[in-house]
Amino acid sequence: MPPRGGCCCWRPWRVAIAIGAASALTGYLSYKDLYCRFAECCREKQPLNASALKLELEEKLFGQHLATEVILKALTGFRNNPNPKKPLTLFLHGWAGTGKNFVSQIVAENLHSKGLKSNFVHLFVSTLHFPHEQQIKLYQDQLQTWIRGNVSACASSMFIFDEMDKLHLGIIDAIKPFLDYYEQVDGVSYQKAIFIFLSNAGGDLITKTALDFWRAGRKREDIQLKDLEHVLSVRVFNNKHSGLWHSGLIDRNLIDYFIPFLPLEYTHVKECVRAEMRARGSTVDEDIVTRVAEEMTFFPKDEKIYSDKGCKTVQSWLDFH
Ligand SMILES: *[C@@H]1O[C@H](CO)[C@@H](O)[C@H](O)[C@H]1NC(C)=O
């Protein structure tokens with residue numbers, strides 16, 4: 001006799017009875033469930049599966065202990081809060097190829113199963129979507145209409161702005177009202193929306209801190225947020241010439257979390273190659289892993305610790321080999 005009570009014990013007829021009973025009680029719900037199986041639905045109340053997100057970050061994001069920790073904390077806190085006072089705003093910054101886009105994609109997939117392809121996830125790339133300075137007015141109007149329209153349709157909509165350091169100040173101004181502590185703006189509440197900003201700004205300063213740790217013989221994993229916060233807030237964001245400061249995003253506390261991405265080392269690049277091979281369904285060949293990792297350029301000149309493109313070119317090198 002099979003053990004009782006586990007998931008080994010369900011039988012098709014029990015499930016059928018359960019579904020029948022449920023749909024008799026809540027005809028509307030089961031219709032909706034059925035509908036959402038075929039069309040994408042906005043599930044703003046669905047709790048975040050924090051352990052799944054944690055596992056995914058740990059398995060796929062390499063060398064970013066700070067980002068992993070902060071993103072988990074930020075998202076679980078936000079999604080478990082039934083009445084957030086403002087939308088969640090994350091500012092991911094660091095060197096190219098360190099995983100900022102990748103993390104945004106993982107977060108998107110954990111909130112809306114179709115990820116970046118979801119109707120509720122919107123990605124804007126400065127140089128692609130807002131290239132012409134003469135058209136700022138048009139971009140501003142469009143963007144505000146889109147954000148309003150999409151959040152009205154789905155409160156938990158997610159907006160990702162890539163290349164923040166190249167975004168015109170006028171565009172930042174257009175987004176700002178949506179990020180603030182307003183219950184509603186023209187009848188729409190933005191408090192359940194999520195905004196993620198990506199920027200390469202400060203990458204050099206993050207690298208310098210990482211390098212200081214390395215040269216002092218300290219572990220990379222011992223770098224704490226406070227080791228970076230100081231450098232970043234004082235040098236990058238308080239720099240009056242930096243557009244971000246002028247934009248008022250920073251000084252008005254509209255950003256909830258600044259998340260630094262550390263430069264990647266040789267071993268992390270190797271992990272990226274392995275992960276990419278697994279994702280392609282091939283077995284991991286350590287010879288190829290080493291060969292791809294050795295194609296990358298490392299800096300500083302003498303010590304050669306950090307990959308200058310992070311894991312960015314791993315895919316094309318892998319195609320090549
Ligand atoms: C939602 O945003 C997209 C851009 O990502 C835009 O094309 C679309 O028109 C917006 N929808 C509404 C209802 O505003």
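Buried means under 20% relative accessible area, exposed means over 50%, and partly exposed falls in between, with a 1.4 Å probe and protein chains only. Helices (H or I, at least four residues) and strands (E, at least two) are DSSP runs, numbered from the N terminus.

The model is predicted, so local features need pLDDT of at least 70 and side-chain atom pairs count only at pLDDT 80 or more, while totals for chains, interfaces and linings use all residues. Residues are numbered from 1 along each chain as its sequence is written, and side-chain values use heavy atoms, with hydrogens and water left out.

**Exercise 1. Find how many residues of helix α8 are buried, and name them.**

Step 1: Locate α8, which covers residues 169–179.
Step 2: Eight of its 11 residues are buried, and the helix is mostly covered.
Step 3: The buried residues are Gly170, Ile171, Ile172, Ala174, Ile175, Lys176, Phe178 and Leu179.

**Exercise 2. Work out the strand order of the open sheet and identify its edges.**

Step 1: Recall that two strands pair if DSSP finds at least two bridges between them.
Step 2: Five strands follow the order β2-β3-β4-β1-β5, with parallel pairing.
Step 3: β2 (121–125) and β5 (257–261) each pair on one side only, which makes them the edge strands.
Step 4: From one strand to the next, the twist averages 15°; axes are lines fitted to C-alpha atoms, for helices over the stretch in contact, and angles run from 0 to 180 degrees between N-to-C directions.

**Exercise 3. Describe the neighbours and the burial of strand β1.**

Step 1: On one side, β1 (residues 88–94) pairs with β5 in the parallel sense over five bridges. Here Leu92 has Ile259 as its bridge partner, and Phe91 stands opposite Phe258.
Step 2: Six bridges join β1 to β4, again running parallel. Phe91 has Phe197 of β4 as its bridge partner.
Step 3: In a regular strand the side chains alternate between the two faces of the sheet. In β1, Leu88, Leu90, Leu92 and Gly94 are buried on one side, and Thr89, Phe91 and His93 are buried on the other.
Step 4: Seven of the seven residues of β1 are buried, so the strand is largely enclosed by the rest of the structure.

**Exercise 4. Characterise the largest pocket and say where it lies relative to the two domains.**

Step 1: Set up the search on a 1 Å grid over the protein atoms alone: a cavity is a set of points where a 1.4 Å probe fits but cannot get out, a pocket is an open set with protein on both sides within 12 Å along at least five of seven lines, and lining residues have an atom within 4 Å of a point. Grid points are joined across faces, edges and corners, and a volume is the space filled by probe spheres set on the points.
Step 2: The largest pocket holds about 900 Å³ of space. Its lining has 34 residues, and Gly99, Asn101, Phe102, Cys311 and Gln315 are the closest to its centre.
Step 3: Domain 1 (50–261) and domain 2 (266–319) both contribute lining residues, so the pocket lies between them. The domain bounds come from an automatic or database domain assignment.

**Exercise 5. Find the largest cavity and its lining.**

Step 1: The whole structure has one cavity of 30 Å³ or more.
Step 2: About 30 Å³ of space lies in the largest cavity.
Step 3: The residues that line this cavity are Arg43, Gln46, Pro47, Leu48, Arg79, Asn110 and Leu111.
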